[in-house]
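Trainee: I'm new to this one. Can you walk me through it?

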Amino acid sequence: MSFDYDLFVIGGGSGGVRAARVAAQAGAKVALAEEDRYGGTCVQRGCVPKKLMVFASEYPGHVEDAKAYGWDAQIGDFCWDAFRSKLHAELDRLEGVYRNILGNNGVETFDARARLADAHTVELSDGSRKTAKHILLAMGGWPVLPEIKGADLGITSNEVFHLDELPETMLILGGGYIACEFACILNGLGVKVTQYYRGAQILRGFDEEARGLVAEEMQQNGIDLHLGTNILEMAEDGGKIRVKATNGTERHFDKVMFATGRRPNTAGMGLEDLGVKLGRNGEVLVDEYSQTSIPSIYAVGDVTDRMNLTPVAIREGMAFVETVFNGNPTPVDHALVPTAIFTQPEMGTVGLSEEEARDQGPIEVYATSFKPMRESFAGRAQRVLMKLVVCADTRRVLGCHIVAPGAGEMIQLAGIAVRMGATKEDFDRTVAVHPTMSEEIVTMREPVRTA
Ligand SMILES: Cc1cc2nc3c(=O)[nH]c(=O)nc-3n(C[C@H](O)[C@H](O)[C@H](O)COP(=O)(O)OP(=O)(O)OC[C@H]3O[C@@H](n4cnc5c(N)ncnc54)[C@H](O)[C@@H]3O)c2cc1C
């Protein structure tokens with residue numbers, strides 16, 4: 001049977017674009033459909049615009065520190081309009097880069113929504129049909145609004161980059177990394193931020209000591225964080241949003257942002273009709289090679305809801321191409337993925353939390369929390385944390401957790417050592433780089449706890 005293409009990719013985000021490009025480079029005839037903007041979540045409404053906002057939000061702190069270091073420095077007003085225009089120009093530029101990557105590698109693109117017609121056929125929104133030997137689902141995910149009366153008055157991370165003006169007051173609902181990052185960003189930009197989270201502590205799933213310190217620092221930086229608190233209902237009231245909460249309060253905010261979870265983009269795709277198995281959250285179920293229950297159909301990235309990070313979607317896309325087009329079956333390895341949370345201070349983490357490691361066997365915990373030199377000189381109360389979780393038997397470092405400015409940069413490198421199976425003694429043998437914050441990671445001699 002002959003097909004129009006060897007591969008048809010649905011979704012031009014991190015996973016889809018990478019898979020399309022490397023498959024084309026491997027000699028495959030490839031097409032890709034994107035219904036919105038090329039680059040997907042990461043480039044258009046995730047990592048990239050968020051990180052640029054993180055940078056923007058850090059300047060008031062830098063200027064305060066500059067004063068403490070003897071500079072006659074004064075911060076003026078933040079011009080959201082100027083920043084937003086520049087931000088969107090940058091996102092336009094990046095969209096062009098992504099289109100070029102595809103075009104230059106011979107991938108045919110369709111600016112259209114696609115759905116499945118059968119195991120080898122994709123139907124585009126203009127009604128045309130394309131056949132392919134393999135189909136790759138890379139449709140990503142979308143934020144979910146909670147089922148609260150008046151929820152339609154709120155926004156999500158998708159809209160926050162497009163606000164006409166920065167609000168004076170904002171409530172952020174949620175305790176995951178997106179909620180916490182935006183609480184810090186908006187706080188840094190001068191918005192009075194309140195954060196409600198129904199759980200007992202933000203950043204569920206991460207090391208408890210590390211997330212505890214992030215929460216403390218966020219509060220110290222002025223974020224009005226309420227744990228164990230949810231929204232009951234919202235209503236419009238004199239140009240503001242009146243929010244009734246489970247803690248018995250009724251408060252008014254200019255904007256409410258929901259960061260209460262995301263759902264894979266699988267609705268209306270024709271997947272169930274075809275027999276592609278989906279999980280409870282609508283995610284496409286795949287095996288270790290990203291193959292779905294229909295052999296010709298694969299899925300990578302957030303649409304599979306495995307580990308929703310850009311570099312993971314990219315890895316999955318590349319492993320798929322290696323498996324299907326290079327004759328080299330490559331399972332996707334989701335172990336020991338280093339990751340960063342761009343709160344203020346940042347958190348970088350790789351491997352097991354103390355709590356997870358404790359459940360697996362005897363451990364030693366090495367940790368130190370201190371005021372870093374730079375911030376301490378500037379009179380800031382900020383503390384940082386360096387922590388290693390070590391297996392008592394093998395001496396391997398099972399987890400590394402850093403809460404500090406620049407933790408994202410540090411954890412990338414620590415991640416290599418942890419991934420290579422470094423022991424605590426390997427860390428100890430490494431000479432410190434002085435004077436730095438990260439030198440503490442190789443100079444912790446005695447465990448603070450064993451468990
Ligand atoms: C606010 C925010 C911040 C984030 N920050 C980070 C971070 O700091 N670091 C990190 O690693 N990750 C971060 N992420 C996660 C990261 O963005 C995602 O994991 C990554 O983009 C997933 O890539 P993907 O290819 O699976 O999907 P996406 O990038 O979402 O791409 C999917 C594409 O498919 C298109 N599409 C959907 N349905 C169809 C259809 N039927 N037909 C045609 N096209 C379709 C969509 O328009 C979209 O462009 C963040 C996410 C958010 C929301």
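Trainee: Let's start with His-88. Which residues does it touch, leaving out those up to four places away in sequence?
Mentor: His-88 touches Phe-161 and His-162. Contact here means heavy atoms within 4.5 Å.

Trainee: What kind of model is this?
Mentor: It is a predicted model: local features need pLDDT of at least 70 and side-chain atom pairs pLDDT 80 or more, while totals for chains, interfaces and linings use all residues. Residues are numbered from 1 along each chain as its sequence is written, and side-chain values use heavy atoms, with hydrogens and water left out.

Trainee: Back to His-88. Where does it lie?
Mentor: His-88 lies in helix 4, residues 80-104. Helices (H or I, at least four residues) and strands (E, at least two) are DSSP runs, numbered from the N terminus.

Trainee: Is His-88 buried or exposed?
Mentor: His-88 is buried, at a relative accessible area of 16%. Buried means under 20%, exposed over 50%, and partly exposed in between, using a 1.4 Å probe and protein chains only.

Trainee: New topic. Which residues touch the most other members in the largest nonpolar core?
Mentor: Val-160, Ile-172, Phe-182 and Ile-202 do, in a core of 46 residues. Such a core is a set of buried Ala, Val, Leu, Ile, Met, Phe, Trp, Tyr and Cys residues joined through side-chain atoms within 4.5 Å.

Trainee: Which element gives the largest share of this core?
Mentor: Helix 6 (residues 177-188), with seven residues.

Trainee: And what does Phe-182 touch, not counting residues up to four places away in sequence?
Mentor: Its contacts are Lys-50, Met-53, Ser-157, Val-160, Phe-161, Ile-172 and Met-257.

Trainee: How many bridges join strand 11 to strand 12?
Mentor: Six, and the two strands run antiparallel. Met-234 stands opposite Val-243 in strand 12. Glu-236 stands opposite Ile-241.

Trainee: What about the hairpin of strand 11 and strand 12?
Mentor: It has two residues between the strands. Gly-238 takes a positive phi near 55° there.

Trainee: What order does the open sheet of six strands have?
Mentor: The order is 17-18-21-20-19-22, and the pairing is antiparallel. Its edge strands are strand 17 (339-341) and strand 22 (449-450). Strand 18 (residues 347-351) pairs with strand 21 (residues 397-403) over five bridges.

Trainee: Aromatics next. How many aromatic pairs does the structure hold?
Mentor: Eight. Rings of Phe, Tyr and Trp (its six-membered ring) pair if their centres lie within 6.5 Å; planes under 30 degrees apart count as stacked, over 60 as edge-to-face and the rest as tilted. Tyr-5 and Phe-8 are edge-to-face, 6.1 Å centre to centre with 70° between the planes. Both are buried.

Trainee: Why is the pair of Tyr-298 and Phe-320 tilted?
Mentor: Because the planes of their rings stand at 55°, with the centres 5.0 Å apart. Tyr-298 lies in strand 16 (residues 297-299) and Phe-320 in helix 9, so the pair ties together parts that are 22 residues apart in sequence. Tyr-298 and Phe-320 are both buried.

Trainee: Where does Ala-319 lie?
Mentor: In helix 9, residues 310-325. Ala-319 counts as buried, at 8% relative accessibility. Ala-319 and Ala-19 are 300 residues apart in sequence but 8.6 Å apart in space, C-alpha to C-alpha.

Methods: Two strands pair if DSSP finds at least two bridges between them.
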